[in-house]
Amino acid sequence: MTADNTIENACTEADWFLHRIDFAERECVFLRTSKGHLDAVAFHDGRSALSDTGESMTIPLDAALEWHRVEPRQPPPRIRLLTHTSFCGSTLLARCLGDLPGVVSYREPQPLIEWSDWAQSRSPD
């Protein structure tokens with residue numbers, strides 16, 4: 001890792017995007033990108049290149065969770081989560097909301113898919 005490729009930067013800097021969570025390998029993959037580049041890509045599930053610099057950073061999942069647990073920081077800004085079903089116009093709505101100041105819209109982010117698959121694999125059903 002270079003000086004700016006740290007767990008702290010990955011977890012706090014807006015130009016690092018959580019791209020993957022590999023539960024089997026227990027690691028997180030972050031890509032350096034920009035809001036403008038993410039806005040230009042239809043979906044954030046890996047169908048399109050999400051980094052506009054080609055830079056990536058892999059950090060152990062347990063290290064990221066530990067950093068988040070113990071790192072003193074300011075209270076986070078208020079976050080809202082809007083979920084939806086498919087084929088309902090949600091991509092258009094996400095793009096409209098993403099154009100507002102202070103709003104970032106993630107469309108089908110891969111980590112959410114991976115977390116859902118992981119949780120379902122642990123379900124007794």
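**The chain and one buried aspartate**

Of the 125 residues in this chain, 28% count as buried. Please bear in mind that the model is a predicted one.

Let me turn to the overall architecture. The chain contains five helices and three strands, and along the sequence these are arranged in the pattern α-β-β-α-β-α-α-α. The radius of gyration is 15 Å, close to the 14 Å that the globule rule gives for 125 residues, so the chain is as compact as a globular protein of that length. The C-alpha trace spans about 40 × 40 × 30 Å along its principal axes. Among contacts with a separation of 6 or more, 59% are accounted for by residues 24 or more positions apart.

Where is the place of aspartate 45? This residue belongs to the loop between helix 2 (35-40) and strand 3 (56-60). Is aspartate 45 buried or exposed? Its relative accessibility is 16%; buried means under 20%, so aspartate 45 counts as buried.

As for its partners, the side chain of aspartate 45 makes a polar contact with the side chain of arginine 47, at 2.8 Å. Leaving aside neighbours within four places in sequence, aspartate 45 is in contact with Arg107, Glu108, Gln110 and Ile113.

Conventions: Residues are numbered from 1 along each chain as its sequence is written. This is a predicted model: local features need pLDDT of at least 70, side-chain atom pairs count only at pLDDT 80 or more; totals for chains, interfaces and linings use all residues. Side-chain values use heavy atoms; hydrogens and water are left out. Helices (H or I, at least four residues) and strands (E, at least two) are DSSP runs, numbered from the N terminus. The radius of gyration is taken over C-alpha atoms; the globule rule is 2.2 Å times the number of residues to the power 0.38. Buried means under 20% relative accessible area, exposed over 50%, partly exposed in between (1.4 Å probe, protein chains only). Contact means heavy atoms within 4.5 Å. A polar contact is a pair of N or O atoms within 3.5 Å; within protein, one must be able to donate a hydrogen and the other to accept it, and residues adjacent in sequence count only if both atoms are side-chain atoms.
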